[in-house]
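Here are a few notes to go with your first look at this one. Have the sequence and the 3D view open as you read.

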Amino acid sequence: MLVHLLAEKTCVEEFLSVLEQEAQAMKNGLFADLPSLTGRKAGLLDRMAALDQARESAQVARGFEPGRAGANAAAAADGEASLAAWTALVELAQQAKACNRRNGSMVYSQLDFTQNALHYLQASAQPFYGPDGIRKAASAAGTRLAVGY
């Protein structure tokens, strides 16, 4: 059990590191870095799922029920080292969930800002030059002299 728990713990720690890199990229406006970070996150999520399934299969094979309750019992039955690794894993998983939620909020905030900026620009977009190549006035009122001609 301990081997499974340590492998999962290492994977979640790596996932947390990528989440922090993702947050820093967004804070620093390095949006071109996000696709590679998203790819790394997806790979780590797949690996975490496989490690979780392997651990759960091992605990069930030893007679413990699947799920968190069975993992609690299996870790406790394995001794102090396994119980400490399980407790650390659960805490790291909670941190990862919170960090992933934070990053998702940052993404949606950025998307909302970008959409609002685009709507503003599209709504106020007026061509500066007419089809004849002459600069258009900001409004139709006024004379050519008043607009700089």
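1. A term to start with: a residue is buried when its relative accessible area is under 20%, exposed when over 50%, and partly exposed in between, using a 1.4 Å probe and protein chains only.

2. Some ground rules. This is a predicted model, where local features need pLDDT of at least 70 and side-chain atom pairs count only at pLDDT 80 or more, while totals for chains, interfaces and linings use all residues. Numbering runs from 1 along each chain as its sequence is written, and side-chain values use heavy atoms, with hydrogens and water left out.

3. The fold reads α-α-α-α along the sequence, with 4 helices and 0 strands in the protein chain. Helices here are DSSP runs of H or I with at least four residues, strands are E runs of at least two, and numbering goes from the N terminus.

4. Take a contact to be heavy atoms within 4.5 Å. Among the protein chain's contacts with a separation of 6 or more, 57% link residues 24 or more positions apart.

5. Now look at Arg55 in helix H2. Is Arg55 buried or exposed? Arg55 counts as buried because its relative accessibility is 4%. Beyond its neighbours within four places in sequence, Arg55 touches Met1, His4, Leu5, Glu8, Ala71 and Trp86.

6. Ala49 also sits in helix H2, which covers residues 34-61. Its relative accessibility is 45%, so Ala49 counts as partly exposed. From Ala49 to Glu8 is 41 residues in sequence, but 9.2 Å in space, C-alpha to C-alpha.
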